[in-house]
Every structure is written in structure tokens, then in C-alpha cells.
Amino acid sequence: MSTSKLLNNFITISDRLISESVIDDNFSSVKLSPVESQSVVVSGGVENAVSLVADIPSTLTVPHIQENLDLTVTIQKPEVLRAPVKEGVEYGKVIYSLGDTVLQEVPLVASKTVTYADFWKRALDKAILGK
């Protein structure tokens, strides 16, 4: 993702050019660690779990004035998903924040499709998981 696209998250550029020095003087790039895939239990599916994955950029541009705050990463995902689960559909998200300010939300999507299981597997899952 280009610097100007990230910059658009913080300011609106209208009919003027912003030089690289202005960006360098007022913003910092924070390197993000990749979030590992998140496993979620699937109730009533042919498989017992599915991985949720995120397409996370390697850097995030933040204003210098907020540089002293800690970057926090929050992962929101369900404990259990009900089949069917569809590949590429959002089932959670990763939230990057500085203090109380949300900088970016990245969707967590299913890495593969999990279809319905047969009647007996769904009944067993319901008895064990309650869902």
C-alpha cells in the first residue's frame, strides 16, 4: 500500500500535492507483526475447526503526535461458528489502536469452506458444544 493511500486515512488531500518531507516530518511508519491464523471451532460441519486469516499490511502510518502511545492489537472472533462456513467470508477482525483511537480494522476471513456434516455428526456436535 502506498504512503499516500495510508495518508488518506488521516487527512484529506484536495487539489494539492504533499511532499515526501511533509509526510516524513509528520508521520511514522510502525512495523506490524503478522497475526497468526486464528482457529475457530465449527459446530455441525464436516470439519471440527476452520482457520481465520487476515491480509495485514506490513506497516501502518501514524501521526508523530501519537507516537508515544502503545499500539494495541485486538482480535475479535467467535468461539464457535455454525456450519456452513464459507471461504473468504469475514467472521472476525483484527483492530489496531493507539490509545482510544482505532487506526485500522482488518477482516479475519475463513481460509476454506466447511460444509454441513451428516445428521449424526451435527447431533453429536450439538450435544457436546451446545450449539
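Figure 1. Setting aside neighbours within four places in sequence, Val-94 is in contact (heavy atoms within 4.5 Å) with Val-35, Ala-54, Val-73, Thr-74, Ile-75, Gln-104, Glu-105, Val-106 and Leu-108. The model is predicted: local features need pLDDT of at least 70 and side-chain atom pairs count only at pLDDT 80 or more, while totals for chains, interfaces and linings use all residues. Residues are numbered from 1 along each chain as its sequence is written, and side-chain values use heavy atoms, with hydrogens and water left out. Val-94 is also one of four residues, with Val-42, Val-50 and Val-85, that touch the most other members of the largest nonpolar core, which has 14 residues. Such a core is a set of buried Ala, Val, Leu, Ile, Met, Phe, Trp, Tyr and Cys residues joined through side-chain atoms within 4.5 Å. Two or more residues of this core come from each of S2, S3, S7 and S8, and S8 gives the most, with 3 residues. In soluble globular proteins, nonpolar side chains tend to be buried together.

Figure 2. Ser-97 lies in strand S7; strands (E, at least two residues) and helices (H or I, at least four) are DSSP runs, numbered from the N terminus. Ser-97 counts as buried because its relative accessible area is 8%, where buried means under 20%, exposed over 50% and partly exposed in between (1.4 Å probe, protein chains only). Beyond its neighbours within four places in sequence, Ser-97 is in contact with Asp-70, Leu-71, Thr-72, Val-102 and Leu-103. Gly-99 is placed in the loop between strand S7 (90-98) and strand S8 (101-110) and, with a relative accessible area of 41%, is partly exposed. Gly-99 and Thr-72 are 27 residues apart in sequence, yet their C-alpha atoms are 7.7 Å apart in space.

Figure 3. S2 pairs with strand S3 (residues 49-54) in the antiparallel sense over 4 bridges; strands are taken to pair if DSSP finds at least two bridges between them. Leu-52 in S3 is the bridge partner of Gln-38. The two strands form a hairpin with 5 residues between them, and Gly-44 in the turn has a positive phi of about 75 degrees. S2 also runs parallel to strand S6 (residues 80-82), to which 3 bridges join it. Here Ser-43 stands opposite Arg-82 in S6.

Figure 4. Val-41, Leu-124, Ile-128 and Leu-129 make a nonpolar surface patch of about 340 Å². Helix H3 (residues 119-129) gives the most to the patch, with 3 residues, whereas Val-41 is found in strand S2 (residues 38-43). Val-41 counts as partly exposed because its relative accessibility is 33%. Patch residues have over 30% relative accessible area and no salt bridge; like charges are joined within 9 Å and nonpolar side chains (Val, Leu, Ile, Met, Phe, Trp, Tyr) within 5 Å. A salt bridge is a side-chain nitrogen of Lys or Arg within 4 Å of a carboxyl oxygen of Asp or Glu. Accessible areas come from the Shrake-Rupley method with a 1.4 Å probe, and for residues only the protein chains shown count as cover.

**Figure 5. The protein chain as a whole.** The chain has 3 helices and 8 strands, which follow the pattern α-α-β-β-β-β-β-β-β-β-α along the sequence. Of its 131 residues, 30% count as buried.
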